[in-house]
Amino acid sequence: MSLYAQYSALLDLVLDALEAEGALPAGLNRKSVAVEPPRDASHGDLATNVAMVLAKGAGTNPRALAALVAPKLEALPDVTEVSVAGPGFINLRLSDAAWRRELATVLEEGERYGLSNVGKGERVNVEYVSANPTGPMHMGHCRGAVVGDALAALLEAAGFAVTREYYVNDAGSQVDTLARSAHLRYREALGADIGEIPEGLYPGDYLKPVGAQLAAEFGATYVDAPEADWLDLFKRKTVAAMIALIKHDLGLLGIHHDKFASEAELQAAGAPDRAEETLRSKGLVYRGTLEAPKGETPEDWEPVELTLFRSTEFGDDQDRPMKKSNGAWTYFGADAAYHLQKAEAADHLVNIWGADHAGTVKRIQAAVTALTDGRVDLDVKIVQMVKLLRAGEPIKMSKRSGNFVTLADVVGEVGKDVVRFMMLTKRADTPLEFDFAKVVEASKDNPVFYVQYAHARIASLQRKAGEVGVSLDTPADTTRLDAEELGLVKLMAQYPRTIEAAALAHEPHRIAFYLNDLASAFHSLWNRGNDDPARRFLVADQPDLTRARLELARGVARIIRSGLALMGVEAAEEMR
């Protein structure tokens, strides 16, 4: 149990005691009561909002309730001071011994430090990437891939049972176009002069190997055959080849999905019909017409009667068509069926979507609520695009022209760890710049380098300790650590609650932010030895002090290693 969790449990005992004494009414909702770091570190080590949260239910004011709670908190082990601030916040200061024990816990638990069971084994389906299988992964897909994968790891660390899923859009006109493009490359592989790629087909060279595979398998059988003879076959073969390429490229980032769900298989199994029937049985499907588009009405618009879902009953701004006028399923109809399939095996759904899908969030959330009677919630995280730069100059991408920067190219140039870390250096819903020159820069302004350098410095300390004759086998006396060094332990102690908060908010970037803060605090301690040799981590003529500081550094390294692992990044032992 983390230190913050320990004091939350102790606070619960204090409230139980006040209830038993009749000073507090029984049954107050404590859900929003928190124990956390104070906003201003000078106020203490821990702070709680308990008096602010419970005062109204207790029929008193926060300051008065704080006056009841504070004396009991002051009597707790290792609490050296309690104060009430502002409208009723309670601040606690702990003994140095409490923080030394927390350092020992970090070292004893190692990679397990920070793990929790807040998820209680609840099932979460995280769907991410889900790019159309019409080409290799490019940097437009990369950020969502990393955000989704890191979030899945975070949720597992917080005790959720996670399924990583990729939705393959292998139905629809784009797959027909893909098959026709592959057929062109198939003919080319057999010696035909195909000339310029016709407008509307995919021109990328990535389809040349697919054409060669088709030529090897089928020979000239389909060169002059009518499209009806080969279209479905070429669709299956080409999509399979593209998925294999996508899996390979994602593998370069260390990303592996548990499940690849096929839209074509979903429709063939009648899933959209089942979803529609489920909604119809609830009185949520009807025949009707949509209002004319806002603004200037197109000349070809006409009020056509459609099969509509009452999504406005669930917060959407208009009801949504499930079928087109020709009876074919709309994108929404197919997506509703897919989300029903996911919801049947999950307690929570998370979708990582690009910014171009932001307009469809409300309707899909409405469908999930309606289809599951609110049993399953859907959180959609919108990921903004990445702007690629080289020394400050933009790199243009165009998938249509076949001229784009592939994920494989970027990983090959700067490495998996740099790519993954950089994708998490900002909130997913804010734009991100990826400059090939800056992401490999050895500078404190480069967060990848800054965090990795902290871990590498600590690894170097461990190696150098033996060189100066300091044995690490002798137990360390951590009473030698000063207040500034224990301040680093206080920051380390926030790691477990950072994991829980990041997992529950579905925001993996919080881990990158935390690691940057931890690395910064460590580098500050390191740098104080530049002016005063006695404050260095290695002091050859003071082995006891050195061992204590090395214990502190080892604790930092373990947390950095753990946090980087959640991000899918390997910790550096040395910087080259």
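Mentor: A residue is called buried when its relative accessible area is under 20%, exposed when it is over 50%, and partly exposed in between (1.4 Å probe, protein chains only). Leu253 is buried, as its relative accessible area is 0%. The model is predicted, so local features need pLDDT of at least 70 and side-chain atom pairs count only at pLDDT 80 or more, while totals for chains, interfaces and linings use all residues. Residues are numbered from 1 along each chain as its sequence is written, and side-chain values use heavy atoms, with hydrogens and water left out.

Trainee: In which loop is the place of Leu253?

Mentor: Helices (H or I, at least four residues) and strands (E, at least two) are DSSP runs, numbered from the N terminus. Leu253 belongs to the loop between helix 8 (227-252) and strand 7 (259-262).

Trainee: Which residues does Leu253 touch, not counting residues up to four places away in sequence?

Mentor: Contact means heavy atoms within 4.5 Å. With residues up to four places away in sequence not counted, Leu253 touches Cys142, Val146, Leu407, Val411, Lys416, Val419 and Arg420. For Lys416, the separation along the chain is 163 residues, whereas its C-alpha atom and that of Leu253 are separated by 5.3 Å.

Trainee: Where does Thr163 lie, and which residues does Thr163 touch, not counting residues up to four places away in sequence?

Mentor: Thr163 is in strand 6 (residues 161-168). With a relative accessible area of 30%, Thr163 is partly exposed. Its contacts, residues up to four places away in sequence not being counted, are Val124, Asn125, Val126 and Asp258. Thr163 and Arg536 are 373 residues apart in sequence, and their C-alpha atoms are 46 Å apart in space.

Trainee: How many helices and strands does the secondary structure of the protein come to, and what percentage of the residues count as buried?

Mentor: The protein has 19 helices and 15 strands. Of its 576 residues, 49% count as buried. Taken along the principal axes, the box filled by the C-alpha atoms is roughly 85 × 65 × 40 Å. Among contacts in the protein with a separation of 6 or more, 72% join residues 24 or more positions apart. Accessible areas come from the Shrake-Rupley method with a 1.4 Å probe; for residues, only the protein chains shown count as cover. The accessible surface of the protein is about 26400 Å², and carbon and sulfur atoms hold 48% of that surface.

Trainee: At what angle do the axes of helix 11 and helix 12 cross?

Mentor: Axes are lines fitted to C-alpha atoms, for helices over the stretch in contact, and angles run from 0 to 180 degrees between N-to-C directions. The axes of helix 11 (residues 331-343) and helix 12 (residues 361-372) cross at roughly 50 degrees and come within 9 Å. Helix 11 is therefore oblique to helix 12; angles under 35 degrees count as roughly parallel, over 145 as roughly antiparallel, 65 to 115 as roughly perpendicular and the rest as oblique. Helix 11 makes a right-handed crossing with helix 12. A crossing is right-handed if the near helix is turned clockwise from the far one by less than a right angle, and left-handed if anticlockwise.

Trainee: Which residues make the contact of helix 11 and helix 12?

Mentor: Helix 11 contributes Phe332, Asp335, Ala336, His339, Leu340 and Ala343, and helix 12 contributes Arg363, Ile364, Ala367, Val368, Leu371 and Thr372. The contact has eight nonpolar, two polar and two charged residues. Here Ala, Val, Leu, Ile, Met, Phe, Trp, Tyr, Cys and Pro count as nonpolar, Asp, Glu, Lys and Arg as charged, and the others, Gly among them, as polar.

Trainee: Is the crossing of helix 5 and helix 17 left-handed or right-handed?

Mentor: Helix 5 and helix 17 make a left-handed crossing. The axes of helix 5 (residues 139-157) and helix 17 come within 9 Å and cross at roughly 120 degrees, and the two helices are therefore oblique to each other. Leu151, Leu154, Leu155 and Ala157 of helix 5 meet Ile499, Ala502 and Ala503 of helix 17. By class, this contact has seven nonpolar, no polar and no charged residues.

Trainee: What is the phi of His506, and what is that of Asp78?

Mentor: His506 has a positive phi of about 60 degrees although it is not a glycine. His506 is in the loop between helix 17 and helix 18 (509-527) and counts as buried at 13% relative accessibility. Asp78, also not a glycine, has a positive phi of about 70 degrees. Asp78 is in the loop between helix 3 (62-74) and strand 3 (79-85) and is partly exposed, with a relative accessible area of 23%.
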